[in-house]
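Dear colleague,

Please find the structure below, handed over for your own work. My notes on the model follow directly after it.

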Amino acid sequence: MKLEDMVLISVDDHLIEPADLYQRHIAAKFKDQAPRMIKQDGVDRWVVEDQSIGAIGLNAVAGRPRDEYGMEPVSHSQMRQGCIDIHKRIDDMNANGLLGSINFPTLGGFAGIMFSKLKDKSLALATIQAYNDWHIHDWAGAHPGRMIPLGMLPMWDAEICAAEIRRIAKLGVHAVSFPDNPAAQGFPSIHNTYWDPVWKACADNKVVLCCHIGTGGGAPHASPDSPIEAWITTMPMSISNSAADWIYAPMWQKYPDLRMALSEGGIGWVPYLLERAEYTHEHHHAWTHFKFGKDAKSPREVFHKHIMTCFIDDAFGLKNLDDVGEDMVTWECDYPHSDTTWPDSPEYLWRTFKNAKLTDAQIDKVTHINAMREYSFDAFAIHGGRENCTVGALRAKAAHVDTKPVPNLGGAKAAAGEDGVQRSGEINKMFERTQ
């Protein structure tokens, strides 16, 4: 295999909602209450109920020089248009040799928790369904076979949640965003039978629960004085605590066909987590009395059967692919956030694959086969075969796309300390000023 022969599907990217989304899609009776965008002190803000929400970019910095990265931009004019415009996004995907993508929302959080906490639950449901309809028809539907649609859920009622899963599954959705730890957001824990209707609806309709880092338990800042790099370093593996909780959760025994994904969590830490879980179960189950099911009889078996992982550029994890579980490992681009490898993802991947000594079969698994299988995404059939879906074929369509970094898009950089190092406290202050 050559670099240009790879097929790439990213299971974790992000979008920025356009200003007219809700006016075009929300039920007529809620148009006057729907989220709307206003401009205030140079910041594009969404207003709904008594809330005014800024920071719409949340690190949407693709296309900028790296020395301009930060927790921004704060207006649509400061972003690369591929963040907002689906046709420009397809151009950017082609330039990166990227066939398919899962896109998490930005407004309301990656799992839409803010909407689930609106006071008026009728408005909340209408807003969530409006987003889903826009995402399915206008975003994913604009270019068939390029986007894997991702639904948002009304978390305050499990039965309503399940009904929305069934509704969007009929429209071709096989992925929903779900907090990695709902208990941290004030909802029942994943061990509570409250969620059984959700697990059943997902299992019955082959819908994957996509749990993005930061949707439940977030990565803590060690101190306001800590360099921001310390926080960024530990951010992906911060989901490991939730991952352990999911391994020991009861739904796998009840719904053996259920799948979930640890989105943007990386894979290098997984072998030790599973080693520790195996040791823990062997040494402690006699007094903890925890029992796994007949379908998966150990922590490792549960993880390898039910839990998907993804990586951006993770040489250690790929060198230990067997321990991570090669049939459930996927890849992510993380466009347009600052961790993204766009527009050079194939080059990053190829170098890492060669260093890890992956076979062609393993490369195919982690770049697209696992994702296509688990997300019911048959892109080859839509595009007339694999030969039309490769890095080389897609990049040939993107000769007109300019990927050179564009500086000075109008955003303000975070203040740094006297030594020039940006600290967690300053990043938090900048974020708070946009809220």
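A crossing of two helices is called left-handed if the near helix is turned anticlockwise from the far one by less than a right angle, and right-handed if clockwise. Helices (H or I, at least four residues) and strands (E, at least two) are DSSP runs, numbered from the N terminus. This is a predicted model, in which local features need pLDDT of at least 70 and side-chain atom pairs count only at pLDDT 80 or more, while totals for chains, interfaces and linings use all residues. Residues are numbered from 1 along each chain as its sequence is written, and side-chain values use heavy atoms, with hydrogens and water left out.

Helix pairs

Two packed helices are described by the angle between their axes and the distance between the axes. Here axes are lines fitted to C-alpha atoms, for helices over the stretch in contact, and angles run from 0 to 180 degrees between N-to-C directions. For helix α4 (residues 121-140) and helix α5 (residues 158-169), the axes come within 12 Å and cross at roughly 20°. The two helices are therefore roughly parallel to each other (angles under 35 degrees count as roughly parallel, over 145 as roughly antiparallel, 65 to 115 as roughly perpendicular and the rest as oblique). The crossing of α4 and α5 is right-handed. On the α4 side, the contact (heavy atoms within 4.5 Å) is made by Leu 125, Gln 129, Asn 132, Asp 133 and Ile 136, and on the α5 side by Ile 160, Glu 164, Arg 167 and Ile 168.

Glu 164 of helix α5 is buried, with a relative accessible area of 1% (buried means under 20% relative accessible area, exposed over 50%, partly exposed in between, with a 1.4 Å probe and protein chains only). Apart from neighbours within four places in sequence, Glu 164 touches Gln 129, Asn 132, Met 152 and Pro 154.

A second pair is formed by helix α10 (residues 270-288) and helix α11 (residues 299-306), whose axes come within 8 Å and cross at roughly 140°. These helices are therefore oblique to each other. Val 270, Leu 274, Glu 275, Ala 277, Glu 278 and His 281 in α10 meet Pro 299, Arg 300, Phe 303 and His 304 in α11.

Strands

Two strands pair if DSSP finds at least two bridges between them. Strand β5 (residues 98-104) is mostly covered, with seven of its seven residues buried. With strand β1 (residues 8-14), β5 pairs in the parallel sense over five bridges, and Ile 9 stands opposite Gly 100 in β5. Two bridges join β5 to strand β6 (residues 147-148), again running parallel; Ser 101 stands opposite Met 147 in β6.

Strand β8 (residues 208-212) has five of its five residues buried, so β8 is largely enclosed by the rest of the structure. In a regular strand the side chains alternate between the two faces of the sheet. Both faces of β8 are covered, by the burial of Val 208, Cys 210 and His 212 on one side and of Leu 209 and Cys 211 on the other. Strand β7 (residues 175-177) pairs with β8 in the parallel sense over three bridges, and Ala 175 stands opposite Val 208 in β8.

An open sheet of three strands has the order β2-β3-β4, with antiparallel pairing. Its edge strands, each pairing on one side only, are β2 (36-40) and β4 (51-53). The twist averages 35° from one strand to the next.

Kind regards
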